[in-house]
Amino acid sequence: MALAFDEFGRPFIILREQDQKTRLRGIDAQKANIAAGKAVARILRSSLGPKGMDKMLQGPDGDITITNDGATILEQMDVDNQIAKLMVELSRSQDYEIGDGTTGVVVMAGALLEQAERQLDRGIHPIRIAEGYEMASRVAVDHLERIAQKFEFDANNFEPLVQTCMTTLSSKIVNRCKRSLAEIAVKAVLAVADLERRDVNLDLIKVEGKVGGKLEDTELIYGILIDKDMSHPQMPKHIEDAHIAILTCPFEPPKPKTKHKVDIDTVEKFETLRKQEQQYFDEMVQKCKDVGATLVICQWGFDDEANHLLMHRNLPAVRWVGGVELELIAIATGGRIVPRFQELTPEKLGKAGVVREKSFGTTKERMLYIEHCANSKAVTVFIRGGNKMMIEETKRSIHDALCVARNLIRNKSIVYGGGAAEIACSLAVDAAADKYPGVEQYAIRAFAEALDSVPMALAENSGLQPIETLSAVKSQQIKENIPFYGIDCNDVGTNDMREQNVFETLIGKQQQILLATQVVKMILKIDDVISNSEY
Amino acid sequence: MPIDKIFKDDASEEKGERARMASFVGAMAISDLVKSTLGPKGMDKILQSTGRGHAVTVTNDGATILKSLHIDNPAAKVLVDISKVQDDEVGDGTTSVVVLAGELLREAEKLVASKIHPMTIIAGYRMASECARDALLKRVIDNKDDAEKFRSDLLKIAMTTLCSKILSQDKEHFAEMAVDAVFRLKGSTNLEAIQIIKKPGGTLRDSFLDEGFILDKKIGIGQPKRIENAKILVANTAMDTDKVKIYGARVRVDSMTKVAEIEGAEKEKMKDKVKKIIAHGINCFVNRQLIYNFPEELFADAGILAIEHADFEGIERLGLVTGGEIASTFDNPESVKLGHCKLIEEIMIGEDKLIHFSGCEMGQACSIVLRGASHHVLDEAERSLHDALCVLSQTVNDTRVLLGGGWPEMVMAKEVDELARKTAGKKSHAIEAFSRALVAIPTTIADNAGLDSAELVAQLRAEHHTEGCNAGIDVISGSVGDMEERGIYEAFKVKQAVLLSATEASEMILRVDEIITCAPRRREDRM
């Protein structure tokens, strides 16, 4: 096939070394791609919803992750297939943009692909299917907007926010204490949120974890937590009303950038050099002391001599603090990061109410709490848990909850979860399909069917009869014309998601539908796969 | 059309039932492995490392055994992990936690086989563990206010912990030692202040607790071997050649005389430093770094005891004990806090000379000298003692204690059984299973002691039917008895951690329905 003939009948090669490449064309290519996409979606399908199962992933170095976060599962899977990689990307972009619903988006895309396969078998051209999907997704997104509800909350009344975060957390392993974790997440977001501009800088929230203790011991610290201890074991462990000098220069004699050499050829020079060296240390400590600092936080290490001098002058210090943490400390305490001793001034010092060291467990593990900062904008969520895997999973769950809370602050609209939104959209899309003349009508219907697959998976994972449950809920929605009925995953006894307090963010849901449609369109448009064959 | 493959070459995927099977089997294998070490009559394991020398460890400490295993099964790794955390957090109960988690999974396997969804089992386990904890809380004994009683509680806990270890022969002796050491800490959990020195020779009974501080170092030649009313300067400074720290400095000379001059200056500098140190009015100088011959000689001339190369912990501990601060510069002697102690002398333990500091100002730190027939015995003794110290130091902070000998498990099992009867729905099967798993622990203890476990446990269960019963299994006499009378106590914190971590771990493994294994990272062969 890769061989063509010019006008004189001589063959020439279009694809070089064709015997080393495998090639799939036309309908075969589409079928193969769809199958790959579906395979990925199938892996995630059982993780959807509050009764979803976890996956155990063993990394290349034998390390183990247990999670049911879609983005994490896909990220850690050793995926080789190109189309499967597209699905991984899809979930990642949902993670970046929204932070939640990473499993749902992949399941949705898988369902769309499955439906597309059926349409292909009918002989509908892939481009027509893609276009039909596009129209349908627009209808669905518009409909979501219509059924969305606005939430009223402010800094004092954040109950609705907590409820939404709880919906997110209920599908994770941490659902045992979802209430307290949701509250922590919401309080953290509110602490850093700019409610005027409706903006949240999640960088200001640090999530730290330490193995040990119980999940219930997880706490929110209005301040910074750093995994360091005082540089000298005999420095004070508790400082009140601290004035913090934040330094990025080491407590060492300066190293000029230009190359230089100091030649010592006489005894006098040797002596002066020695004197000067001592003076350097003295001056450095003196400078810190002069501006009124009571705590020095340094990005670099310092010499034993400097360490002792600091201790001696009663100036506690912390060394080897990472750049990111340094920045956070600077933001929280309202201090400036000072690159040179000469530039230290009293105004550049950060202020914190309490700085204390706390030790954990039987091993010598210490952490430094910096609390009651001048600028209370930076907070830390400190996670405790039985083991490392638990901590990692909790970190991911908290991240999801934080993102959800942030999205709600940006846009107060919510839709109802438990598959209610999908069912409502499916009904709307189905109704809209009849209005479109042409082949696309079939694609739009297929889209509606694909939307059903999310509640279907939810019901399946919860141990309910999927088809029976779904059709019951659907008819209920149509009969009462209320889009709040969903799947009763927790066996509470009601289908009304308002009563169960299961909410999701509007932008999250919209994004899911748009992203899934986009990727499916992309996959459908591929009609030729050329890959290097194994050698 | 079949998809060829999504994963990379060596990656594999196990799904549904098979995944669950794999994790159940792995976890149970691990728990069976350590099961035989549980309880006072548990057996030890020999671990041989694959590294050079094939070093051998003999131990009965669950965490140590599991740490040294090479495991490929992911679920088994979860169990190893919880045992490690238990070790870090409370220090003891490392075997129990793995055994309990294993039993929970064994029960769960049966439930899954009878078509109960894992999520239902998890829900049941959660309720059961909550209920079990409450049951324990109801029965705790707290003697916080009565110092005398609390001390005897601690002693009993220490003995219970030690009786399953190699030290069981001399458990009273070691329990006294451990309790004394922990009381000196005054509530801090920093076990670093308790130094354990191992010296082969003698018997375990010859081990002793020393109120002072022992440094495993020799005194420099020609220096006094005994100092009374010592003033100690603890330092961390270079006593070899002080290098110039200004960047780019180097010595460049053009004649031999100048080399000699500079050498002289260097010597002068060192002499200066020593002089400054001497000016502190000390008679003992302990440095973290090396002391070269030249300064050592100077110190000897001044009649000062100089100790070089005390490791970092030694220095910190010494600072803690003597109340001195660790100094690195010596320009203003008047403000450096010196350490004090009544007597420094060289002592002999076995064949080795050690330096002994006694009569120190702050009594926080202390040393325990362990004697024993071989290194293996000493290593194991240290681990056992460490377990006891950990438990004690945690108990000092959380003073609640429980009875031992399978008593807590029976109390929990009884409450959990009650709950199962009250609970409607499929969850009750899981709750029942939880209580069965709890009972498996006394059963194992009895089995390991070669007793008739079925008979004993049945008897125990009957005893526990009465309210406020203190019955447990007394392995020594092989019968059911009153644990309060026999003085078998355990720390509440340990039991609680065992219960919670085991439930958490089994829940984690139960939730898994798929295992995806990445291709192992290729190691570059450097030939």
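Which residue lies over the face of A:Tyr369? A:Arg356 does, at 4.4 Å from the ring centre. A charge counts as sitting over a ring if NZ of Lys or CZ of Arg is within 6 Å of the ring centre and within 35 degrees of the ring normal.

This is a predicted model, in which local features need pLDDT of at least 70 and side-chain atom pairs count only at pLDDT 80 or more, while totals for chains, interfaces and linings use all residues. Residues are numbered from 1 along each chain as its sequence is written, chains are lettered from A and ligands numbered from 1 in the order in which they are written, and side-chain values use heavy atoms, without hydrogens and water.

**Aromatic pairs**

The whole structure holds six aromatic pairs over all chains. Rings of Phe, Tyr and Trp (its six-membered ring) pair if their centres lie within 6.5 Å; planes under 30 degrees apart are stacked, over 60 edge-to-face, and the rest tilted. Two of the pairs are tabulated here.

| Pair | Centre to centre | Angle between planes | Type |
|---|---|---|---|
| A:Tyr416 and A:Phe503 | 5.5 Å | 65 degrees | edge-to-face |
| B:Tyr125 and B:Phe434 | 5.6 Å | 70 degrees | edge-to-face |

A:Tyr416 lies in strand β18 (residues 413-416) of chain A and A:Phe503 in strand β19 (residues 503-505), so their pair ties together parts 87 residues apart in sequence. Helices (H or I, at least four residues) and strands (E, at least two) are DSSP runs, numbered from the N terminus. Both A:Tyr416 and A:Phe503 are buried. Buried means under 20% relative accessible area, exposed over 50%, and partly exposed in between (1.4 Å probe, protein chains only). A:Tyr416, A:Phe484 and A:Phe503 form one aromatic cluster.

B:Tyr125 is buried at 2% relative accessibility. B:Phe434 is buried at 0%.

**Helix α16 of chain A**

A:Thr505 caps the N-terminal end of α16(A), with a side-chain oxygen 3.3 Å from the backbone nitrogen of A:Gly508. A polar contact is a pair of N or O atoms within 3.5 Å; within protein, one must be able to donate a hydrogen and the other to accept it, and residues adjacent in sequence count only if both atoms are side-chain atoms.

**Positive phi**

Most residues other than glycine have a negative phi. A:Asp241 has a positive phi of about 50 degrees. A:Asp241 sits in strand β10 (residues 238-247) of chain A and is exposed, at 53%. A:Asn501 has a positive phi of about 60 degrees. A:Asn501 is in the loop between α15 (497-500) and β19 of chain A, partly exposed at 28%.
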